[in-house]
Amino acid sequence: MRDTSFRLLTVDLSSGEFSYSTIEAVDHMAYLGGSGLGAKILFHELTIELPPLNPQAPLLLITGPLTGTGGPAVGRLAICGKSPATGLWAESNIGGFFGTELRKTGIDGLKIVGKASKPVYLSICDDEVDIRPAGHLWGSKDTYETQDAIRGELGDTKTRVACIGLAGETKIRFASILCDHGRVAGRTGLGAVMGSKNLKAIAVRGTKPIPIANEERFGPLRRKANIALRNDMLTLAFREVGTASATEYWEHLGMMPKKYFSAGVFEGAEKVSGSQMVDTILTGYKACHGCVIACGRRVRLSDGVERKGPEYETIMGFGPNLGIDDLEAITRMGEWCDRYGMDTISVSNAIGLAFLLFERESLNDDDTGGLDLRWGNAEAAMQLVHEIAKREGLGKQLARGAKAFASQHGVPEMAAQVKGLEVPYQDPRGSSGMALVYATSPRGACHNQGDYYMVETGMSIDEIGIDFLNRRAGVEKVANVARHQDWTTVRNSLGMCIFANVESKMVVAILNEVMGWNHSIESLMETGERAWNLKRAINMRLGLNKDEDRLPKHLMKELEDGGAAGYAPPLDEMLKAYYDFRDWDGETGKPSKDRLKKLGLDWILPEIWEAQA
Amino acid sequence: MAQPFPSEAWLNDFETLLNSDEQYAEIAKNWEGDFMFAIEPDKGSQDENMYYYMDLWHGKCRSAKTLTQEEAKHAKPAFILRATRSEFINVLTGKLDPMQAMLTRRLRLEGSMTYVLRNVPTVFDFVRCASSVGIVE
């Protein structure tokens, strides 16, 4: 049996020193990997006193035990730390090939602390770790150019590069980290953390095999799982029509936000759908490492250049959210966000708020510098993308995020954000489960932990008690949502894409053969619950108040028409039931002592309960 | 008037209803594609597969007929939808959302997913009309 122990490389950019360590096997099995194990590794380092952009704030890039194994859609890497956007737990995961290549160097995680005296990039080639100057890239190369330049310098086209753009360099609170020309760790602003360390990029190239404990038994399972996934209906929809495949369906259900969550109907929905992309600009598909889904889009615009096509969130954010029905304009705004290294959700959300305030005359021409922010004006939206990245004009205010922008203009409840993170594009009035997900996610408004909107459209997971319930169901949905969060946490921790519709028993079987473990569905679900509570505890240490588990009034106002008309989720009742189900204290919002003990989290009791008793 | 499902009488009523429905004619005015519905017996049933063929074109049904097993074998419609009788009835009685049924493979679609996803309103209105025929148990 191969050694599958978790190996962590720690690099101190202040001193230039680096070291290797191994995670204890018992922790590896209890926290799996990805952001779950990331929370375990970073727990003691993330304190309320340590600002996210302080040199000593850690940045952790961490794979899952399945990353790069060729299992079903398991090419992902998590990036964790403290968020400059929220001041809370930060995590964002990224596909492409970077995570796989990192594991091929022989390490499973990379922790970066300190700050280089000048811009640098980190090169890891098998056992060689090198900190190299990046002054020639800083301030002059966007994220696409940076990847190409570093690959050229290192002379190996197989090198994979994760990097930041202008937004990360200037520490914009929603700066992202990109790899593989358009795969993005977009959320929670970890690109700014990289920038605060003068770290422009990380290049990895490895030649080592990724260890599999029981290769002979894993091989047939992997083939079986990939064949099943390839033929799955969701896979077919994502491959053929992309992640925006359900646009028309979601418009019908009222799950697709329009005009910054203020309208129930958008006439141009069919002009920005995945189907429309297929019929107009699509030229091909692009997949992450070993993935049979291939949800990535390649498109050709009027300039004749083939490029990355936008995915659902970018389409909705720069499309219906702004009243825009022009796929070419949407694609270009998405590309500029990528090149600057900015999260398309947060950027489009902030711009949407500006459009709404302009419509309601809370902003005037003087505020916008003469920009006509009427719904559907793609040129004005594009101008704001540039202004945000460069902190110019109105963009200087928007670069502080929707929450700060709304407060500045005296309308804090208009910002579609939770805990400082801008809400993505699944309208909670069309899907009550997403209201609870947004309110309770450890990183603020988040659609990846879990993607309960999929359950709301019928993707129940019966074997672990996640049933399909009416989209307007209230407290009866709470246990479903909590279990789904736990299961999504498991999948994220494993390095598995949330789009992979793989049976839970197959996930368990694959994991056990890869790692030589003996997990069951029940024990794996417990790892999800453990990580969920650990992240909650981290947030409590970072100053989270339970009253922040809420949605702004703007998102709770009933719409007049469309599929979500006349409904707002009963969030207060749902939250109360959720606290009960989670066994979280009603007064403080902390996980109870008993629940923490039951989950094997005794070791955080002194930090969570006794220190503040 | 309600009819047994599946039956030729049910199909005939559906065709008549579809061709007289103004809302369907408007919503489906751009639809171009014939369908074959393969209605499979429920587990334990002694019934045989039944096949409906419907030529749907610009908001009208140009032809509707049942097919024999042999005819179904050689048919080349743009779309085939396969499911058990129970699942079809779940959709026709409003217990199951048709798009959800297709995405979860309870209704198994063969044909362009892109085209179906582009025409969600047509799908729902087609089902609305089908539901109004009524089913005699």
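How many residues of chain A are in contact with how many residues of chain B? The count is 19 residues of chain A with 14 of chain B, where contact asks for C-beta atoms, placed from the backbone, within 7 Å. This is a predicted model, in which local features need pLDDT of at least 70 and side-chain atom pairs count only at pLDDT 80 or more, while totals for chains, interfaces and linings use all residues. Residues are numbered from 1 along each chain as its sequence is written, and chains are lettered from A and ligands numbered from 1 in the order in which they are written.

**Where the chains meet**
- On the side of chain A that touches chain B, α8 (233-241), α9 (247-253) and α10 (274-280) each supply at least two residues; helices (H or I, at least four residues) and strands (E, at least two) are DSSP runs, numbered from the N terminus.
- The most comes from α8(A), with six residues.

**The sheet of chain B**
- Five strands form an open sheet with mixed pairing, in the order β4-β3-β2-β5-β6; strands pair if DSSP finds at least two bridges between them.
- β4 (60-67) and β6 (108-110) of chain B stand at the edges with a single partner strand each, so one side of each has no neighbour in the sheet.
- β3 (50-57) and β4 of chain B pair in the antiparallel sense over seven bridges, and W57(B) stands opposite K60(B).

**Helix α21 of chain A**
- The buried residues of α21(A) pack against α7 (215-230), α20 (478-494) and α22 (521-541) of chain A.
- Just after α21(A), G516(A) takes a positive phi of about 70 degrees.

Notes:
Contact = placed C-beta atoms within 7 Å.
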